[in-house]
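Dear colleague,

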Amino acid sequence: MNTAIIRNCVTGDEKSWEELIGYLYPRAKKVALGILRDTHLVEDVVQNSLVKEMRSLDTLQDPEKFDSWLSRLVKNEAFIVLRVGKKEFLGEIYDTDIQVN
């Protein structure tokens, strides 16, 4: 990714943001799909990741590490979805064992 585009995004340049999102979306989707294998969940993860990226891009210290930074953001979001889903599944198991008189 062009580090100048990233720097322009930090300053609020809309054209750079559009270019960055166009670059990010397919990459983020591929990473999330590799973890989740569910296209509906992937869309949510990508959207959440892009929002987080937009809010925290100014904290990126080395723009040359942008790709790995984004990949980590997407992976973290995907793992959050997996954890939440697992907890919901376990909750359903325990709920069926409880009898109310």
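Among the contacts in the protein between residues at least 6 apart in sequence, 59% join residues at least 24 apart. Please keep in mind while reading that this is a predicted model. Buried residues make up 28% of the 101 residues in the protein. There are four helices and zero strands, so that the order of elements, read from the N terminus, is α-α-α-α.

Helix α1 covers residues 3–10, and helix α2, with which α1 packs, covers residues 14–36. Two packed helices are described by the angle between their axes and the distance between the axes. For α1 and α2 the angle is about 125 degrees, and the axes lie 8 Å apart. Because angles over 145 degrees count as roughly antiparallel and those from 65 to 115 degrees as roughly perpendicular, this angle makes α1 oblique to α2. The crossing of this pair is left-handed, and the residues that make the contact are I5, I6, N8 and C9 on the side of α1, with S16, W17, E19 and L20 on the side of α2. Sorted by class, the contact of α1 with α2 has five nonpolar residues, two polar ones and one charged one.

Within α1 itself, the buried residues are T3, I5, I6 and C9. Seen down the axis of α1, these buried residues fall within an arc of 160 degrees, and they therefore line one face of the helix. After α1 comes G12, a residue whose phi is positive, near 100 degrees.

The second pair consists of α2 and helix α3, the latter spanning residues 39–56, and here the angle is about 135 degrees, with the axes 9 Å apart. α2 and α3 are therefore also oblique to each other, but their crossing is right-handed. From α2, the residues that take part are W17, L20, I21, L24, Y25, A28, K29, A32, L33 and L36, and they meet T39, L41, V42, E43, V45, V46, L50, E53 and M54 of α3. By class, this contact has 15 nonpolar residues, one polar residue and three charged residues.

Methods. Residues numbered from 1 in each chain as written. Predicted model: local features only at pLDDT ≥ 70, side-chain atom pairs only at ≥ 80, totals over all residues. Heavy atoms only, no water. Axes fitted to C-alpha atoms, helices over the stretch in contact; angles between N-to-C directions. Helix = DSSP H or I, 4+ residues; strand = E, 2+ residues; numbered from the N terminus. Parallel < 35°, antiparallel > 145°, perpendicular 65-115°, else oblique. Left-handed = near helix turned anticlockwise from the far one by under 90°. Contact = heavy atoms within 4.5 Å. Nonpolar A, V, L, I, M, F, W, Y, C, P; charged D, E, K, R; others polar. Buried < 20%, exposed > 50% of the residue type's maximum accessible area, 1.4 Å probe, protein only. Arc of directions from axis to C-beta.
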